[in-house]
Amino acid sequence: MEPSGIDSWQQTEDGLNNSQCSGNIGFLRFRLLLFLFFNSFIFLFFSCSEAQEHIAAAVNPEDSASVMTTYGVNTLITDSGVIKYRIVTERWDVNTARIPSRWEFMKGIFFEQFDEQFHMQAYIQADTAWYYDQIRLWKLRGRVSIRNVKGLIYTSEELYWDGVKHEFYSTVFSRVVTPERTMEGTYFRSDEKMEHYIVSNSMGSFMAADMEGEQEQPTNKNEGDEDNEPLRPAPEKHRRY
């Protein structure tokens, strides 16, 4: 039997409704895909155009790490191929990033000084020490003490040891004690063997012969930062006591 007119009309309307729904769904999908594509394009565009370079903060010289740290050091040091010193220290840091480059002995240092025949000549010790290797200059600080085989005892809170001129000097209060006399002053200078030295702006016990000659003028200490290159004083003739 053929379908009635009402049934045909109903089927036709249902077909149209299904086609319309399918078209709407397809259009919505198309709009959604277009929206996602457009947003992705905008995100990539701004990401590329606003890219920033991430740079870490500059490293300060104070923060520079040592290139070498050694603990429990007991070693011999040569000068011109001859063994001159023994160094004993709890910690030895080598820092080449700071200016000037340096060796640091923050846990104290002890030296034994030898002559050409490897005979012990003196002991040197300090609470802290720096060695500026490029200019061959030692800076000793904090309970600095020197004792030599002739009975001389030197004490101070700061002492420089010049490896180029082979001499000691200090611009702070220093005390020199020998079997014959005791001297104190604010400026000290000596050769490495502590045989020829001067003490300026001094006080203590002297013999009459010691007072002969011209009186040296005291030298004021220049205060400066640790990173400034240590100052070498002008050459001055040693006086023997």
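This is a predicted model: local features need pLDDT of at least 70, side-chain atom pairs count only at pLDDT 80 or more; totals for chains, interfaces and linings use all residues.
Visitor: How many helices and strands?
Guide: One helix and 14 strands.

Visitor: What about contacts across the sequence, what share joins residues at least 24 apart?
Guide: 42%, counted among contacts between residues at least 6 apart in sequence.

Visitor: Switching to confidence. What is the average pLDDT?
Guide: The chain averages 75. A score of at least 70 is reached by 57% of the residues.

Visitor: Where does pLDDT stay under 50?
Guide: Residues 211-225 are one such stretch. The model gives that stretch 19 contacts beyond four places in sequence. Residues 237-241 are also below 50. There the model has 24 contacts beyond near neighbours in sequence.

Visitor: How should coordinates be read where pLDDT is low?
Guide: Not in detail.

Visitor: Let's go to E6. Is that strand mostly covered or mostly open?
Guide: Mostly covered. Five of its five residues are buried.

Visitor: Which side chains point which way?
Guide: Thr128, Trp130 and Tyr132 point one way from E6. Ala129 and Tyr131 point the other way. Residues on both sides are buried. In a regular strand, side chains alternate between the two faces of the sheet.

Visitor: Which strands does E6 pair with, and in what sense?
Guide: E3 is one partner, antiparallel, over three bridges. E7 is another, also antiparallel, over five bridges.

Visitor: How many residues lie between the strands in the E6 and E7 hairpin?
Guide: Four. Arg136 lies in that loop, between E6 (128-132) and E7 (137-148). Its phi is positive, near 55°.

Visitor: Is Arg136 buried, partly exposed or exposed?
Guide: Partly exposed, because its relative accessibility is 35%.

Visitor: Where else is there a positive phi in a residue other than glycine?
Guide: Phe118, with phi near 65°. Phe118 sits in the loop between E4 (109-114) and E5 (120-126). At 40% relative accessibility, Phe118 counts as partly exposed.

Visitor: Which peptide bond is cis?
Guide: The one joining Ile99 and Pro100, with omega about -5°. Pro100 lies in the loop between E2 (82-95) and E3 (102-105).

Visitor: What about Ser101, where is that?
Guide: Ser101 is in the loop between E2 and E3.

Visitor: Buried or exposed?
Guide: Buried, because its relative accessibility is 5% and the cut-off for buried is under 20%.

Visitor: What does the Ser101 side chain make a polar contact with?
Guide: The side chain of Asp133, at 2.8 Å.

Visitor: Which residues does Ser101 touch, leaving out those up to four places away in sequence?
Guide: Asn95, Thr96, Tyr131, Tyr132, Asp133 and Gln134. Tyr131 and Tyr132 bring us back to E6, where both are buried.

Notes. Residues are numbered from 1 along each chain as its sequence is written. Side-chain values use heavy atoms; hydrogens and water are left out. pLDDT is the predictor's confidence in each residue, from 0 to 100. Contact means heavy atoms within 4.5 Å. Helices (H or I, at least four residues) and strands (E, at least two) are DSSP runs, numbered from the N terminus. Buried means under 20% relative accessible area, exposed over 50%, partly exposed in between (1.4 Å probe, protein chains only). Two strands pair if DSSP finds at least two bridges between them. A polar contact is a pair of N or O atoms within 3.5 Å; within protein, one must be able to donate a hydrogen and the other to accept it, and residues adjacent in sequence count only if both atoms are side-chain atoms.
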